[in-house]
Amino acid sequence: MLVIADVTSVSEDRWSGLFDLYLTIALIVGALIIGWLLVSLVRYRARPGAPRPPDAPLPGMLQPERGTVLFSWIIALTIAAIMFGLAFSTIHAVDAIENPPPNDPSNPSIHVVVTGFQFGWKYNYTGEGGVPFQTITEWTIPVDTVITIDVKSQDVWHNFAFPNGRIRVDAIPGETNHLWFKATSIGEDRNACVQICGAGHATMHAAMHVVSQADFKTFLHDSSQAAYKTLAGKSLVNATFDGSAFAIAGHAAGKASALNVTNAGAQPATFHLQGSDASVTVQPGQSGYLYIPAATGTQTVVASSGATGTVS
Ligand SMILES: [Cu+2]
């Protein structure tokens, strides 16, 4: 059975509050206009033999002035005040949509880059040890986690949306738009393109799987291992850490590489590439991967003991 995941974009009441505000104003204005129209239709209808109203305009004649200028000013200023109020609350809501809450242990977050193309969506993740991997027309996210996304397009204008989360954001070539949201229950949802973008627009769907945080860890691990396996087939660099010194064999000049680190020491050790957040922790007797991006010159890998090795 398909369970639709609950999605919170910003604080739900903020969104809903804005929606209710616009709906209420629209209903009041609509009722006034349609009501006045109906009253006028009945009250001022043409009656056989009735005299012509004295101020009825004749062809070629300017509309005679009715009422007072003050009344027009009151109407105009009221409308302006309402528009200012709406603009103010909308700008605040848009700010909240674009700025995610700070990432801390009590409020974990992940980052995904979403790219629209004719006709589908690509989802770019950063995996374990910093390795990039991609899923197409479907993606997986953890529940109760802030998902920050960058939205891009590789060809024409698209619009990334999921109606259940009341979320949509333009995907524009050459630009990056930002968005964050949180799924609050495990289940499925569907992303769609809501900007007509060509012959295949109607098929531009993607499945969104909201899974438990443990299942997401497994997904991230399996996807990272698969990405390293592919990368290792093209460029593999081996390294051994004996607890104090760090030796790296092979080189990776100018191409992205999988660095396979073996921990020959007696303690668990963590390795990271200088200048990057990505790291890998390797238990004694085990090995793990660290991603080395394509770069020219020398790159330094630092072990938690402080020992360094260089990849050139
Ligand atoms: Cu599209």
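**Note on the predicted model**

1. Contacts along the chain. Take the contacts between residues at least 6 apart in sequence: 63% of them join residues at least 24 apart. The model is a predicted one, and the points below should be read with that in mind.

2. Overall make-up. The chain contains three helices and 19 strands. Its radius of gyration is 30 Å, whereas the globule rule gives 20 Å for 312 residues; the value is well over the rule, so the chain is more spread out than a compact globule. The C-alpha trace spans about 110 × 45 × 40 Å along its principal axes. Of the 312 residues, 23% count as buried.

3. Domains. The chain is divided into domain 1, made of 1–37 + 94–233, and domain 2, made of 235–311. Their C-alpha centres lie 34 Å apart. Seven residues from domain 1 and 13 residues from domain 2 take part in the contact. On the side of domain 1 that touches domain 2, four residues are nonpolar, two are polar and one is charged.

4. The five-stranded sheet. Five strands make an open sheet in the order β5-β11-β10-β7-β8, and the pairing is mixed. Which strands stand at the edges? They are β5 (138–142) and β8 (167–171); each has a single partner strand, so one side of each is left without a neighbour in the sheet. From one strand to the next, the twist averages 25 degrees. As background, strands of a sheet pair through backbone hydrogen bonds, and the pairing is either parallel or antiparallel.

5. β5 pairs with β11 (residues 205–211) in the parallel sense, over five bridges. Within this pair, Trp139 has Met208 of β11 as its bridge partner. Helix α3 (residues 213–234) packs on the sheet and touches both β5 and β11. The direction of α3 makes about 130 degrees with that of β5.

6. The hairpin of β3 and β4. These two strands run antiparallel and are joined by five bridges. Lys122 stands opposite Ile136 in β4. The hairpin has five residues between its strands, and Gly129 in the turn has a positive phi of about 70 degrees.

7. Phe119 is placed in the loop between β2 (109–117) and β3 (120–126). For comparison, most peptide bonds are trans, and most residues other than glycine have a negative phi.

8. Thr137 has phi near 55 degrees, which is positive in a residue other than glycine. Thr137 lies in the loop between β4 (132–136) and β5. Asp144 is not a glycine either, and its phi is also positive, at about 55 degrees. The place of Asp144 is the loop between β5 and β6 (146–153).

9. Strand β18 and its neighbours. β18 (residues 299–303) pairs with β15 (residues 269–273) in the antiparallel sense, over three bridges. In this pair, Leu273 stands opposite Val301. β18 is also joined to β19 (residues 308–311) by four bridges, and these two strands run antiparallel. Here Val302 stands opposite Thr308. Four residues lie between the strands of the β18 and β19 hairpin, where Gly306 takes a positive phi near 105 degrees.

10. The two faces of β18. Which side chains of β18 point to the buried face? Gln299, Val301 and Ala303 point to one face and are buried.

How values were computed: Residues numbered from 1 in each chain as written. Predicted model: local features only at pLDDT ≥ 70, side-chain atom pairs only at ≥ 80, totals over all residues. Pairing = 2+ DSSP bridges. Axes fitted to C-alpha atoms, helices over the stretch in contact; angles between N-to-C directions. Contact = placed C-beta atoms within 7 Å. Buried ≥ 20, exposed ≤ 12 C-beta atoms within 10 Å, placed from the backbone. Domains from an automatic or database assignment. Nonpolar A, V, L, I, M, F, W, Y, C, P; charged D, E, K, R; others polar. Rg over C-alpha atoms; globule rule 2.2 N^0.38 Å.
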